[in-house]
Amino acid sequence: FIANLAKSIRSNSHKNLSREDVKQIAPSFFWLLRDVLLEPTDHKGRPCHFRDYLLEKVLGECIDSDWDTDSIQYKASTCLLKFFTSFDAEIIPPPSTSPHVMKNIEDPRYKDEISPDFTQQVEYVRTKIFEKCEPKRGYAPGSLVNGMQLAGMLQMYVDALNSPEGIPEVASAWDQVMKNTYHIATTKATELYKSKMSVLTFPMEDGDLKRIHSEATEETTECFQKLTRLDSDGDAFEEHLSQLSVSLSTNSDSEVSECTGGLLLSYLQQNKTASKKQCQSLVHDLKRSHLTPIIENLSPEIEMKDIADAITKIETEYYQNAKGPAKNTVYDDFVKNLEEERHQYEAQLKMIKSYDADLKIRNDELQQQRLLHQQQVEMNNNLQLNIQEQSVKVKTLTQQIVDTENRMKEELEKKEKEHQNQIASLKQTNKESAKHIADLQQSNTWLTEKSEKANQRLIRLEKDKIDLETEKRSVEEAFLALDGKYKTLEKKMNKRWCSIM
């Protein structure tokens, strides 16, 4: 074993380390022999400590003998004494001489049957080992090994010792330990960064996100430094710290530095995606709230100014509530699409206003037509009423004339009969005087005059009747002329309405 140990203990071939350098990083050599029954003695046969026994009778003889200095035995002895920080050895007696107790040594029931010398020596060796404990020096000059690194090195030492002819290389073990140390430090620092960034609520402004990133990066760097502070290799530290920084954020070399990689880029992309989604939803809701009701209810009373005011409200409320880096891009796209729709809105509004203007003209003409028709109906009614009144008046006058004629005829017949009777009476009696005859003649003259007046009045009544009939014909002719004008106007209005439609 000692020969194999000497053959295997080595450092990296590319580093020329002196014996003292190796001794600084080498552990203390503690040789523990178990189940020892014999008492060790020195060269004079006197009882001695096992360490002295090894130094004098085993290693001393190898060094002081005439062995070849190139032999494996000589090199092993030299390594044990000169390349380890210290050398010590102890022995432990067997726990018991009973095979049954040895087989069940872990059973608490056999605790009292274990040899007191064994228990006492184990406690002594344990105390001695702890007294020799001190901070483990690292392979790099001036570095120390922490508990995690020491556990890693011990695991590699154990694995190497348990493999055939395997004893670990100090340099390779240290390199692997530091590699694991930096890996663990990088992993924990990255986890710390992610936990700090987990407070992000997307969407948010890129400036706020980068500020939180800067704070998280600062704490991450401090965590990385604490986990690797025992390494005195500044170049290795800077290299791994640079790799950690790159994994967190990579910026372009352009004048306007932009993030092009690392975890920050993924957060920026998530924020951009969330911002785009939130802004698109916001502008859609604002359009539906302010613009869509106007577009869906276009009417002649709506002006393009109303649409422009709605767009201004959308823009104001949008920038009050939009978040994240996508708000300008989303609104620019909205404005671009809105500009294309605006021409459609203008064309629709223009068509509606033109139709409304034509409809107003048509309504005015229909109103005028209804008014003329109403006037014509009223005129017809008035004419009919006038004709009826005139007819009644003519009938009344005619009846009056007839009655007057009849009455005059009756009076004349009566007067004439009376006159004849009087004349007959005068003729029969011949007794009437000339005066009475003269009176009768005078009375006859009066009656003649009355008869002539009655005839003149009758003539006037006939003339009034003719005038009334002439006036009636004039009114009917005027009514017919007015009805012709109405029909002509109605034809013109129908032609114009057909041209509008």
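Predicted model: local features only at pLDDT ≥ 70, side-chain atom pairs only at ≥ 80, totals over all residues.
A residue counts as buried under 20% relative accessible area, as exposed over 50%, and as partly exposed in between. By that scale Tyr 319 is partly exposed, because its relative accessible area is 33%.

**Aromatic pairs**

- The structure holds ten aromatic pairs, and one of them joins Phe 29 and Phe 87, which is stacked because the ring centres lie 5.5 Å apart and the planes meet at 10°.
- Phe 29 and Phe 87 are both buried.
- An edge-to-face aromatic pair is formed by Tyr 318 and Tyr 319, with 5.2 Å from centre to centre and 90° between the planes.
- Within that pair, Tyr 318 counts as buried because its relative accessibility is 0%, whereas Tyr 319 is partly exposed at 33%.
- Tyr 318 and Tyr 319 also belong, together with Tyr 331 and Phe 334, to one aromatic cluster.

**The cavity**

- The structure holds one cavity of 30 Å³ or more, and the volume of the largest cavity is about 30 Å³.
- The largest cavity is lined by Asn 386, Ile 387, Gln 390, Glu 471, Lys 472 and Val 475, and the elements that give two or more residues to this lining are α13 (327-429) and α14 (434-500).
- Sorted by class, the lining of the largest cavity comprises two nonpolar, two polar and two charged residues.

Notes: Residues numbered from 1 in each chain as written. Heavy atoms only, no water. Phe/Tyr/Trp six-rings, centres within 6.5 Å; stacked < 30°, edge-to-face > 60°. Buried < 20%, exposed > 50% of the residue type's maximum accessible area, 1.4 Å probe, protein only. 1 Å grid on protein atoms, 1.4 Å probe; cavity = no way out; pocket = protein on both sides within 12 Å on 5 of 7 lines; lining within 4 Å. Points joined across faces, edges and corners; volume = space filled by probe spheres on them. Helix = DSSP H or I, 4+ residues; strand = E, 2+ residues; numbered from the N terminus. Nonpolar A, V, L, I, M, F, W, Y, C, P; charged D, E, K, R; others polar.
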